[in-house]
Amino acid sequence: MRLDVPTLFAVVTLVALLMAGWVSFMAWGKPARDALWAWGLALVAYAASHVIFAVLNVVPSPSLVVAGNVAYGVALSLMLLAMRRFDGLDANAGPPVWVQLQLVLPVLAIVLLYTVLMEQYAARVVAGSLVFSLQIGFILRALLDPRLPRPGRGRYILLTAFFALLSSLLLRALAAAMGWMSSNNDEAGRLWLTMVFVVALCAVISISLGFVYMTMERAEQRNFELAMKDMLTGLSNRRAISDQLHMAVSRAQRQGQYLSVLMLDIDHFKRVNDGYGHQAGDAVLRGVARTLQSRLRAQDQIGRFGGEEFLLMLPDTHLEGATTLAEALRQAVEASPTQWGAHSISVTISIGVAGGVISGAHTVDGLVAAADAAMYRAKQGGRNRVELADMSSLLPGGQAALPPAVPRD
Ligand SMILES: Nc1nc2c(ncn2[C@@H]2O[C@H](COP(=O)(O)OP(=O)(O)OP(=O)(O)O)[C@@H](O)[C@H]2O)c(=O)[nH]1
């Protein structure tokens, strides 16, 4: 099949402009620093480069060669900027100097190389392709930044598209270096250009789709976190930990397993707020959350149940094991003060423990109420202590018939 190069240019341009339009439409109303704007601009530059390449096919001109390739380089730099903004890698201060150099130097290099090597087709194609490949390398590096969470599907689409673009550029550079083509207008040159533009067409559709999908995945993740996470401590919120507890109780009921629940409350927390201020209180809440979380097993779940109240759910853990853990947590919190300016704020916690083999007679509300009642007894008993729930009301068979427990680490 023989593809007409000018038609391909036109199609790539049209698709890039269409994508730029839709991406800008999505970015409408968002702040100028939003990654979508940079992505939209990148697509405009990408389209501009292909418009220039199309004109170049009809009116050969050295300045258009430079302009088209510069626009292409600008498009790749803007894509790098958009990726970094999307991932929040540059915070509010803007990109660090080394990133600014990654954004600007390749574009300057393109101007220089295409001007100096204008008369040497092969050298110009090789040099240009290598600079663009380097820019794509920067983008791939930003896409795979180890500080980022596990990549979602949008990121995989982008990775595939950029790898395809990179391969086509390198292959064309190889063809030029090996003398398989000597100009864009000979038979071989047109074939290679066709390959590059077919890939460019697929790439522009894929990267637009990938970026938009990534934005949607991010929004979905944020909504999920807003619905299920406590924004202050990063723990599960009341709704999430309650859902997890419902699931764990159903599972334990089906399999006749142990399950324990701990209700924890910071002692005299009002004094922290009154004495050091609300922000110090928030810092203490975060500190206690960290201390608790760092001592749990992977299958244990913790959530912020109320203001200064936390709920812990321990699958496969009998009352005795849960009590041992509760005591360890109590001691850990007591020994881990929160630094607040010049102050070291120490708090203690009171803990109520409920648990055992979960049968059909148990309910989530019953378990939580039992742990809560035990926690209040701990408060009444002087605070900074662990109290066990009266499980006889919840476990009709008593503790005697319990199967062997899974030991805690
Ligand atoms: N800083 C901060 N304070 C909170 C938050 N949520 C609840 N509180 C405060 O936690 C305090 C709870 O006070 P109380 O219920 O009297 O309990 P307490 O002072 O811990 O006393 P005991 O529980 O009886 O030991 C109140 O002052 C609330 O304003 C929060 O998110 N941040």
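This is a predicted model: local features need pLDDT of at least 70, side-chain atom pairs count only at pLDDT 80 or more; totals for chains, interfaces and linings use all residues.
How many residues has helix H3, and what does it reach from its first C-alpha to its last?

Figure 1. Residues are numbered from 1 along each chain as its sequence is written, and side-chain values use heavy atoms, with hydrogens and water left out. Helix H3 (residues 62-86) has 25 residues and reaches 36 Å from its first C-alpha to its last, close to the 36 Å expected at 1.5 Å a residue; the expected span is 1.5 Å times one less than the number of residues. Helices (H or I, at least four residues) and strands (E, at least two) are DSSP runs, numbered from the N terminus. Of the 25 residues of H3, 19 are buried, where buried means under 20% relative accessible area, exposed over 50%, and partly exposed in between (1.4 Å probe, protein chains only).

**Figure 2. Surroundings of serine 77.** Serine 77 is found in helix H3. Its relative accessibility is 8%, so serine 77 counts as buried. Leaving aside residues up to four places away in sequence, serine 77 touches Gln102, Leu103, Val107 and Gln135; contact means heavy atoms within 4.5 Å.

**Figure 3. The five-stranded sheet.** Five strands form an open sheet of mixed pairing, in the order E2-E3-E1-E6-E7; two strands pair if DSSP finds at least two bridges between them. Strand E2 (301-306) and strand E7 (386-388) stand at the edges with a single partner strand each, so one side of each is left without a neighbour in the sheet. From one strand to the next, the twist averages 20°. Strand E6 (residues 349-357) pairs with E7 in the parallel sense over three bridges, and glycine 352 stands opposite glutamate 387 in E7.

**Figure 4. Helices packed on the sheet.** Helix H11 (residues 319-334) packs on the sheet and touches strand E1 (258-266), strand E3 (309-315), E6 and E7. The direction of H11 makes about 165° with that of E6; axes are lines fitted to C-alpha atoms, for helices over the stretch in contact, and angles run from 0 to 180 degrees between N-to-C directions. Helix H12 (residues 364-380) lies across E1, E2, E3, E6 and E7 and runs at about 145° to E6.

**Figure 5. Strand E3 and its two partners.** Seven of the seven residues of E3 are buried, so E3 is largely enclosed by the rest of the structure. In a regular strand the side chains alternate between the two faces of the sheet. Glu309, Leu311, Met313 and Pro315 point one way from E3, whereas Phe310, Leu312 and Leu314 point the other way. E1 and E3 run antiparallel and are joined by seven bridges; the bridge partner of serine 260 in E3 is leucine 314. E2 and E3 also run antiparallel, joined by five bridges, with glutamine 301 opposite methionine 313 in E3. Two residues lie between E2 and E3, which form a hairpin.

**Figure 6. Aromatic pairs.** The structure holds seven aromatic pairs; rings of Phe, Tyr and Trp (its six-membered ring) pair if their centres lie within 6.5 Å, and planes under 30 degrees apart count as stacked, over 60 as edge-to-face and the rest as tilted. Tryptophan 22 and phenylalanine 25 form an edge-to-face pair, at 6.0 Å centre to centre and with 75° between the planes. Both residues lie in helix H1 (residues 5-27), three residues apart, about one turn of the helix, and both are exposed. Phenylalanine 53 and phenylalanine 197 form an edge-to-face pair at 6.2 Å centre to centre, with 65° between the planes. Phenylalanine 53 lies in helix H2 (residues 35-58) and phenylalanine 197 in helix H7 (residues 187-228), so the pair ties together parts that are 144 residues apart in sequence. Phenylalanine 53 and phenylalanine 197 are both buried.

**Figure 7. Arginine side chains over aromatic rings.** Trp39, Phe86 and Phe211 form one aromatic cluster. Arginine 218 lies over the face of phenylalanine 86, 4.0 Å from the ring centre; a charge sits over a ring if NZ of Lys or CZ of Arg is within 6 Å of the ring centre and within 35 degrees of the ring normal. The charged end of arginine 238 sits over the ring of phenylalanine 305, at 4.0 Å from its centre.
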